[in-house]
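Please keep the model open while you go through these notes. Each point takes up one feature to find on screen.

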Amino acid sequence: MRTAKSIIIFFLFWASFGINAQQISLEGALDDLRYLSSPTLEGRKPMSEGSRMAQDYIRDRFRSLGLSSQFHEYTQSFALPSSKRGEKAKNIVGFIPGSEHDKIILVMAHYDHLGIKDGEVFHGADDNASGVVGLMALATHYAQFRPKHSMIFAALDAEEMGLLGAKALLEDFPFPLEQLTLVVNMDMIGRSQQRRLYAAGSRHYPQLLPALENIAEISDVELYIGNDGGLGKKDWSKASDHAPFHAIGIPFIYFGVDDHEDYHKPSDTFENIDKDFFLAAISTIFMVIERLDNSDL
């Protein structure tokens, strides 16, 4: 239960955006997660049939929302070192123009996972169907309520093979990189015994800290600001798809959870997702993005 102070802060937060401020709808999010982590998709290994089904699902959602894209049919294709038949992995990329800025916020989550090994499906519900569902929920909101900054929504392939989808997107970024002001990466946001969602990045980019601290006061999960280095601290600065962007100095926030007992195992299933935490995590990430979208990044 929130304290009275937290409730007051919550209403002051939304009031600061004016009467048109909206909260994110999470209707259908659990259905999306159930499908993307289902055995039918066979663990979404790059260039597999399950991967193609995931691509179609995300692409159809972007199309139904009316998102535009700088890539044909929302699809950025790129070669994998392991491909011997000319097949290509695919990022699925949608775009919403900002109402006030040509600066860009890039929202990312990788949709690939490990596929089938020794006859067992590695479902990848938390890693990272959870992040992709968060991405689709955010895209759904901003398709209806136009953001001030332009936003790119990128569902990335081949993260598990060495962040290859992120590297491909950076190499073929559809706008001048000077316009890219923030990267938000969601990778495993579906469960935490401590109800703790980590937000890494502000040690490198302290301009992001006030927004994170503000939302930490009102979040329904523990928003832990850190895991981005410092003496004796974990450092996730290079742990996921934000890393190539951070390497060239583009600010990032990486939202994720600690590794758990089902990490990279067949047991990372929909049934083992903490549904309440998962939905609260998406809401928390949304509030951070809202705060930053309404600021001068």
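**Notes on the predicted model**

1. **A loop residue, His 264.** His 264 counts as partly exposed, at 26% relative accessibility. Here buried means under 20% relative accessible area, exposed means over 50%, and partly exposed lies in between (1.4 Å probe, protein chains only). His 264 lies in the loop between strand 10 (252–256) and helix 8. Helices (H or I, at least four residues) and strands (E, at least two) are DSSP runs, numbered from the N terminus. Phi of His 264 is near 55°, a positive value in a residue other than glycine.

2. **Ground rules.** This is a predicted model: local features need pLDDT of at least 70, side-chain atom pairs count only at pLDDT 80 or more, and totals for chains, interfaces and linings use all residues. Residues are numbered from 1 along each chain as its sequence is written, and side-chain values use heavy atoms, with hydrogens and water left out.

3. Leu 163 sits in the loop between strand 6 and helix 5 (164–171). Is Leu 163 buried or exposed? Leu 163 is buried, with a relative accessible area of 13%.

4. **Overall build.** The chain has eight helices and ten strands. Its radius of gyration, taken over C-alpha atoms, is 18 Å, close to the 19 Å that the globule rule gives for 297 residues, so the chain is as compact as a globular protein of that length. That rule is 2.2 Å times the number of residues to the power 0.38. Of the 297 residues, 56% count as buried.

5. **Strand 6.** Seven of the seven residues of strand 6 (residues 150–156) are buried, so this strand is largely enclosed by the rest of the structure. In a regular strand the side chains alternate between the two faces of the sheet. Both faces of strand 6 are covered: Ser 150, Ile 152, Ala 154 and Leu 156 are buried on one side, and Met 151, Phe 153 and Ala 155 on the other.

6. **Neighbours of strand 6.** Two strands pair if DSSP finds at least two bridges between them. Strand 2 (residues 88–96) pairs with strand 6 in the antiparallel sense, over five bridges. Ile 92 stands opposite Ala 155 there. Strand 3 (residues 104–110) pairs with strand 6 in the parallel sense, over seven bridges. Met 151 is the bridge partner of Ile 105.

7. **The core.** A nonpolar core is a set of buried Ala, Val, Leu, Ile, Met, Phe, Trp, Tyr and Cys residues joined through side-chain atoms within 4.5 Å. The largest one has 83 residues, and Leu 106, Leu 138, Phe 153, Leu 197, Phe 245 and Phe 255 touch the most other members. Helix 8 (residues 275–293) gives the most to this core, with eleven residues.

8. **Aromatic rings.** The structure holds eight aromatic pairs. Rings of Phe, Tyr and Trp (its six-membered ring) pair if their centres lie within 6.5 Å; planes under 30 degrees apart count as stacked, over 60 as edge-to-face and the rest as tilted. Tyr 198 and Tyr 224 form an edge-to-face pair: 5.0 Å centre to centre, 65° between the planes. Tyr 198 is buried, at 4% relative accessibility. Tyr 224 is partly exposed, at 28%.

9. **A cis bond.** A cis peptide bond joins Asp 127 and Asn 128, with omega about 0°. Asn 128 is in helix 4 (residues 125–144).
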